[in-house]
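Dear colleague,

My notes on what was found in it follow directly after.

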Amino acid sequence: MAGEKTGPTAVVPFRQFVLKVHSRCNLACTYCYIYAGPDRSWRARPPTVPAATMRQTALRIAEHARTHRLREVRIDLHGGEPLLTGPGPLLAQAAAVRAALPVGCTAEFGVQTNGTLLTRDMIDTLAAARFRLGLSLDGGTPGLNRRRIDHAGRPSWPAVSRAVRLLHDRPEVFAGILCTIDITAGPAEVYDSLRALDPPMVDFLLPHANWTSPPPAPLGPAGRTPYGDWLCTAFDLWWDGGPGPRVRVFTEILGLLLGRPSSSEAVGLSPVVALVVDTDGAIEQVDSLKSTYEGAAATGLDVFHHTFDDALAHPGMAARRSGRDGLGAQCRGCALVEVCGGGNYAHRYRADAGGFRNPSVYCADLERLIRHIAARLDATVALN
């Protein structure tokens, strides 16, 4: 199961494959951790994935599915901006994977896009191939998306707003919205504007930061929790507001408090089940690690010479799949460890002390949010 817990010796296969189909982006978002971060490996990679690499990746996915008798895999076509290729290569990638998979194993395909290139015809084409499309947005207004600009400094919102309207009419295609928190924008403004777009799901993401490269909003002095406070306000709006989108970080924490396993790397102790294949065929760990230092996501493996079982054995992968045993002493001894799980792995990094064996740089914020959600849940149960 994708959410099962594991010790360091258990083998849980990969079930999610993030395939880079384009290594460049048509936007220049001011907070982008890929193109403005410390890892510049994208510069040396081909802009688009060659057909031979696509075919070999499909064979490796099928091999992994066959070895571990998987009944379903998830394929996320990613970038950069994946729609820079046009729909043709995306359809070819999907066809290659579907043709290679063993009998009894199916694939679910998704594309995460900034939305600027979406057209009605493109949505129709991808929908016919059973794709689902997720959007990256900072809110539902032009002002909230002021950081999402193109390379000439022009706003992306006019094009994205058209994409939102098109996807609103295709609920079977619209997967939801990823929203990186901007601490300068009020949670009510952000949540209400996103809710008005009527997405099926919203996921609020903490900005990728760590102890060496701190978050945009200072976290000190002790007891100050700006991101936790922001998320608590957003949670109350969601909890008290009646029908609305599923907010993934909130439903994940609620599930963990109720004893269910996590399906997100942001919280919980469930093993990571995702890997990345870049446009040159390199097998990498999740992109968020690129926010820490040059080469942090690299494994030295590639689809032409290595299997995904080789990736399972990679020390970096193993460290992120070892549950409580992979945490530092402070986290292992914390009463909230089963829910928090140490937070996002990339957010624990500290260059001068312990590498990734630290609490999250958002530790206090996560504690604030988890305790708040637990209190609201407890009060609701007591009333019933």
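I begin with the cysteines. C105 has a relative accessibility of 9% and therefore counts as buried, the limit being under 20%. Please bear in mind throughout that this is a predicted model. C363, by contrast, counts as partly exposed because its relative accessibility is 30%. The cysteine sulfur closest to that of C363 belongs to C331, and the separation of 6.1 Å is too far for a bond. With a cut-off of 2.5 Å between sulfur atoms, the count of disulfides comes to zero.

Turning to the sheet, 10 strands form an open arrangement with mixed pairing, in the order β7-β6-β5-β4-β3-β2-β1-β8-β9-β10. Its edges are β7 (246–247) and β10 (298–302), each of which pairs on one side only. Helix α2, spanning residues 87–100, packs on this sheet and touches β1 (16–20), β2 (72–78), β3 (106–113) and β4 (131–136). The direction of α2 makes about 160° with that of β3.

The largest nonpolar core has 89 residues, and the members that touch the most others are I75, F204 and F250. Helix α6 (residues 226–240) supplies the largest share of this core, with seven residues.

As for the surroundings of F250, once neighbours within four places in sequence are left aside, its contacts are F204, L231, A234, F235, W238, L369 and I373.

Finally, I would draw your attention to P46, which is located in the loop between β1 and α1 (51–67). Is P46 buried, partly exposed or exposed? At 27% relative accessibility, P46 counts as partly exposed. Leaving out neighbours within four places in sequence, P46 is in contact with S23, T279 and D280. The C-alpha atom of P46 is also separated by 10.0 Å from that of G281, although these two residues are 235 residues apart along the chain.

Yours sincerely

Notes
Residues numbered from 1 in each chain as written. Predicted model: local features only at pLDDT ≥ 70, side-chain atom pairs only at ≥ 80, totals over all residues. Heavy atoms only, no water. Core = buried A, V, L, I, M, F, W, Y, C linked by side-chain atoms within 4.5 Å. Buried < 20%, exposed > 50% of the residue type's maximum accessible area, 1.4 Å probe, protein only. Helix = DSSP H or I, 4+ residues; strand = E, 2+ residues; numbered from the N terminus. Contact = heavy atoms within 4.5 Å. Pairing = 2+ DSSP bridges. Axes fitted to C-alpha atoms, helices over the stretch in contact; angles between N-to-C directions.
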